[in-house]
Amino acid sequence: MTLSLSIRTRDAMPIASEPSSPRIAMGWSPDSWRAFPIKQQPTYHNHEALAATERTLARYPSLTSPAEARALKRELGMVAEGNAFLLQGGDCAESFAEFSEKNLRNYARVMLQMTIALMYGAGCPVVKVGRIAGQFAKPRSDNTETIEGISLPSYRGDMINGQDFDHESREPDPERLSKVYFQSGATLNFLRSLFRGEFASLNTISRWNMDFVARSAQGKRFEAMVERINECMHFIAACGLSPSQEQQLSEATFYTSHEGLFLNYEQAFTRFCEQEERYYACSSHMLWIGDRTRDPNDAHVEFLRGVGNPIGCKLGPSMTRDDLLRLCDILNPNNEAGRLTFITRMGSHKVGELLPQHVRTIKEEGRHIVWSCDPMHGNTIKSPNGYKTRKFNDILSEVRQFFAIHKAEGTHAGGVHFEMTGQDVTECLGGAQAISELDLGSRYHTHCDPRLNASQSLELAFLIAEELRKHHGVSSR
Ligand code: PEP
Ligand code: CO
């Protein structure tokens with residue numbers, strides 16, 4: 001990585017001698033967030049051990065480079081302008097236990113299958129961003145969990161503590177940060193190799209989609225669409241553009257993202273890019289701020305305003321017009337297209353009432369924003385038999401309403417954000433597989449929220465593709 005020449009770590013750069021550059025936001029430094037109120041943080045009892053791990057991580061090679069983050073920002077700029085579509089997806093929470101080549105391969109495969117369906121539907125390039133290679137810290141509704149009169153700290157993701165309900169496991173352990181780093185590095189390396197090779201060629205992906213159509217009952221529904229995609233492929237070949245020879249058609253660019261929740265970890269990977277004279281968060285290409293930590297006066301907004309990456313911000317039912325505009329001012333003061341993505345997660349029953357006003361505000365104020373729909377987090381329910389779950393139809397309904405709202409407002413419905421896995425789990429209800437409440441227990445593996453399984457994810461992508469073609473005024477036949 002040639003970029004190591006142009007970036008310095010905070011280790012080598014004490015605060016007193018911070019470089020001053022007009023590109024560095026006023027009053028910001030990689031650790032300025034520490035002076036702000038902060039929510040959703042664990043309590044470490046051994047502060048020295050945490051600080052020592054942070055120093056070690058700050059010395060390690062970063063996982064991504066400023067140049068890659070800039071490339072993603074450019075691609076998201078195309079999304080903001082209506083010339084590309086964003087697909088962001090992955091586990092609610094990555095875990096140490098589910099880390100395997102098989103799982104990563106299945107994940108990459110379903111992301112690519114969804115991409116091709118969405119590309120066909122949207123008629124434009126699809127920007128692929130994983131919730132992966134760093135998505136290990138979770139916000140929780142309570143600081144503690146109580147079972148049979150015993151209260152312990154809540155599980156906050158494998159980056160922080162363990163899921164088992166005992167004192168030792170729930171104690172935050174800084175060693176987990178190093179484990180996250182190494183797992184993220186290996187994940188990124190493996191995915192990069194898959195996405196650069198034959199695995200990600202259009203030919204291979206079409207073959208998988210034909211398999212899906214042939215083997216599963218729900219796939220049959222999309223037979224006509226898959227046939228059309230294949231016709232397009234034949235046309236490309238007839239033009240003399242062989243997919244295996246054309247880099248554009250045989251390789252897929254893939255980016256990573258996670259919630260920038262545990263800022264000690266994020267600060268450790270903040271690097272100064274000398275070419276641009278600004279800092280980048282180099283644990284990932286894109287970071288987002290969760291719905292519970294997006295207060296404009298708090299630490300998470302402070303940290304993210306100062307890095308040059310593309311950033312996301314969740315937008316839930318409690319968002320106000322004032323906060324929306326303050327977040328734009330703070331996080332995207334130069335109104336750069338591609339810098340800020342609002343990921344809306346209202347829930348299928350509220351989106352129709354709550355989203356249009358925000359879309360209008362942004363349009364009236366002339367802000368360049370990527371609008372993406374997270375139809376997962378506003379649609380979580382508890383099944384009568386006690387599982388946290390989501391209904392496929394609620395998820396689909398929120399996405400459909402999101403498209404309809406943007407169409408009515410004359411704005412671009414830029415993308416979708418899913419919690420999904422390539423595995424055959426039974427965590428969300430419904431879909432053509434008709435997963436029922438009774439099925440939930442059979443393969444419920446998530447470490448946090450319920451995910452769409454491979455088949456549900458692909459089905460959703462095909463249904464969205466149909467929807468997109470309707471909005472473009474193109475019939476799907
Ligand atoms: C998440 O994306 O996993 C999450 C917790 O979302 P939100 O901040 O929207 O609740
Ligand atoms: Co979640």
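Me: At what angle do helix α1 (residues 47-59) and helix α5 (residues 175-196) pack, and what makes α1 roughly parallel to α5?

Reply: In this predicted model, the two helices (DSSP runs of H or I, at least four residues, numbered from the N terminus) pack at about 25 degrees, with their axes 9 Å apart. Axes are lines fitted to C-alpha atoms over the stretch in contact, and angles run from 0 to 180 degrees between N-to-C directions. Angles under 35 degrees count as roughly parallel, so α1 is roughly parallel to α5.

Me: Which residues make the contact of α1 with α5?

Reply: With contact meaning heavy atoms within 4.5 Å, L50, T53 and L57 of α1 meet L177, S178 and Y181 of α5. By class, four are nonpolar, two polar and none charged, where Asp, Glu, Lys and Arg count as charged, Ala, Val, Leu, Ile, Met, Phe, Trp, Tyr, Cys and Pro as nonpolar, and the others as polar.

Me: Why are helix α3 (residues 101-122) and helix α15 (residues 454-471) called roughly parallel?

Reply: Their axes come within 7 Å and cross at roughly 10 degrees, and therefore α3 and α15 are roughly parallel to each other. The contact of α3 with α15 divides into 13 nonpolar, three polar and one charged residue, with M114 and L118 of α3 and F462 and L468 of α15 among them.

Me: How do you know which values to count?

Reply: Local features need pLDDT of at least 70 and side-chain atom pairs pLDDT 80 or more, while totals for chains, interfaces and linings use all residues. Residues are numbered from 1 along each chain, chains are lettered from A and ligands numbered from 1 in written order, and side-chain values use heavy atoms, without hydrogens and water.

Technical notes. Angles under 35 degrees count as roughly parallel, over 145 as roughly antiparallel, 65 to 115 as roughly perpendicular and the rest as oblique.
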